[in-house]
Amino acid sequence: MAAKSLEQIVSLCKRRGFIFPGSEIYGGLQGTFDYGPLGVELKNNLKRLWWRHNVYERDDMEGIETALLTNRYVLRYSGHEKGFTDPLIDNKTTKKRYRFDHLLKEQTNEVLDAVAAAFGIARPDDMDLFVDALLADTKKSQTALMAAKVIDAQDGKPGDWTEPRTFNLMFKTQVGPVADDESFAYLRPETAQGMFINFKNVLDSTNRKLPFGIAQQGKSFRNEITPRNFIFRVRELEQMEIEYFVRPEDAERIHDEWITDHVDWWVEEVGLSRENLKLFSHVKLAHYSRRTVDILYNFPTLGFDELEGIANRTDWDLGSHSRDQANLPLSANTAQMALKNEHSTEKLTYFDDAAKKHIVPFVVEPAAGVDRGVLAALCEAYDEELLPNGETRVVLRLKPALAPIKVAVLPLAKNKPDIVAYAKSVKRTLLASGEMRAVYDDSAAIGKLYRRQDEVGTPFCITVDYDTLGLGKDGDTSLKDTVTVRERDSMLQERVPVEDLLAYLRDRLK
Ligand code: GAP
């Protein structure tokens, strides 16, 4: 069973130290979150799994880490200065601000049909196309919204709406001590551009042949109009992105291969159930995309929403960041739509040995959100189990590879120095293997310690007791140097010799 509401996850995250609101003691900073002691482990484990699957286990990938501060020209020629916008709208009465498409999604079909009729169009099925149509004449849209009595969920009444308008989501920051119009840089809105502008550096330093890819994980910044739904939509986010460079004629096939591969990865390695995932093909495409397919996850409270987008970006990025574009073999869309580049010093091309000419590779881009991945993993793993004694056990059934703590070593009695010393030495031995995070905990009675570890997803608890010391009942020494191992999901317990413990756990933590 997965979580039923986002509230359950928010509460667990705060209670057990996974995720806290950013700048909390000063009233918070909307759209920012801090990852706590367990959250940082979970997030790092997710990123590690992704890196291993996408970089180490393939023979055609390189990793990279590029700067967050970005020269404005990178984001001018990428198209972000002009087009990286969201539509917003305000209710003059409630003073509430909405993302225009989100406001429309909350309306009934009757209201939406009335908006379209008042605007004078047939309503497109796709919401992005509908919003685009309405943005073509914002004054007329305002009149249509008022005539159709578009409701503000804040007070449940028809709003007194402003004209919808677009808003650029990029954060600017001053670079150097003197603030003037020219001395700013952008905080990158996606990790992708760092990989495109380093295409030549990576190609020349690794001698890669097509197809090959570059992977990157890291922070991006978006001044979201209405950050909400916990870590689902934040202003400071983390991404895991791949730019996979291919021959143009191979792009469609390779695009499909990445979609299949990544759906399988979310299921097999992250543990999301296949029924909670579905694909969505965008009808309205970004300026750079020939086809974009999103992997949606069925988040509690939110329903199906985007976890990862996988786009065929064509030659847009390499073409638009190149100098001397007129002399490059670009696709029609890029040749027509890309800004004439007056600042780049490079031609981002690839020399095709067989054809003896330069080509501009196409790019297939799987782009996932780390925060949304963490959220999906938590939602999927969350379970409330009714026990025979009538108590409810909260258990996080995380895949062992994702669990923040792999093993908790617990002494049966914390006031018995020999038991404590033995338990601490077991913990040290497990940790010394370098294979798992083990913790020692004696802060409560054993039953309570089990519950706490269940709630944070620890797959195994190990208890050291009198039997371990060879001090069993009636002088029984048969269990000397063995410990009780309790498995999280089944709660079954097994007696395991200490000398076999590492191998026992290694087998089960895979
Ligand atoms: N380079 C392409 C790109 O950035 P995107 O669909 O805008 O594509 C990729 O972002 C992923 O980043 C999304 O699928 C989502 O998981 C995550 N993401 C985007 N905006 C986000 C936000 N404001 N908060 C949290 N995650 C976000």
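Modeller: Helices (H or I, at least four residues) and strands (E, at least two) are DSSP runs, numbered from the N terminus. The model is predicted.

Biologist: Is Asn207 buried or exposed?

Modeller: Asn207 lies in the loop between helix 10 and strand 12. Its phi is near 55 degrees, positive in a residue other than glycine. The relative accessible area is 61%. Exposed means over 50%, so Asn207 counts as exposed.

Biologist: What is the relative accessible area of Asp324?

Modeller: Asp324 is found in the loop between helix 12 (316-320) and helix 13 (332-337). Its phi is positive too, near 55 degrees, and the residue is not glycine. Asp324 is partly exposed, at 31%.

Biologist: In what order do the 5 strands of the open sheet run?

Modeller: The pairing in this sheet is mixed, and the order is 23-22-24-25-26. Strand 23 (438-440) and strand 26 (493-497) are the edges, each pairing on one side only. Neighbouring strands are turned against each other, direction ignored, by 25 degrees on average. Read across, the order is 23-22-24-25-26.

Biologist: Which residue of strand 23 is the bridge partner of Val409?

Modeller: Strand 22 (residues 407-411) and strand 23 run parallel, joined by 3 bridges. In strand 23, Val409 has as its bridge partner Tyr440.

Biologist: At what angle does helix 17 run to strand 24?

Modeller: Helix 17 (residues 501-508) lies across strand 22, strand 24 (460-464), strand 25 (482-487) and strand 26. Angles between N-to-C directions run from 0 to 180 degrees. For helix 17 and strand 24 the angle is about 165 degrees.

Biologist: Which residue in the hairpin of strand 15 and strand 16 takes a positive phi?

Modeller: Strand 15 (residues 291-299) and strand 16 (residues 303-314) run antiparallel, with 9 bridges. Arg291 stands opposite Asn312 of strand 16. The hairpin has 3 residues between the strands. With phi near 75 degrees, the residue is Thr301.

Biologist: Which residue of strand 19 is the bridge partner of Thr314?

Modeller: Strand 16 also pairs with strand 19 (residues 362-369), in the antiparallel sense, over 6 bridges. In strand 19, the partner of Thr314 is Val363.

How values were computed: Residues numbered from 1 in each chain as written. Predicted model: local features only at pLDDT ≥ 70, side-chain atom pairs only at ≥ 80, totals over all residues. Heavy atoms only, no water. Pairing = 2+ DSSP bridges. Contact = heavy atoms within 4.5 Å. Buried < 20%, exposed > 50% of the residue type's maximum accessible area, 1.4 Å probe, protein only.
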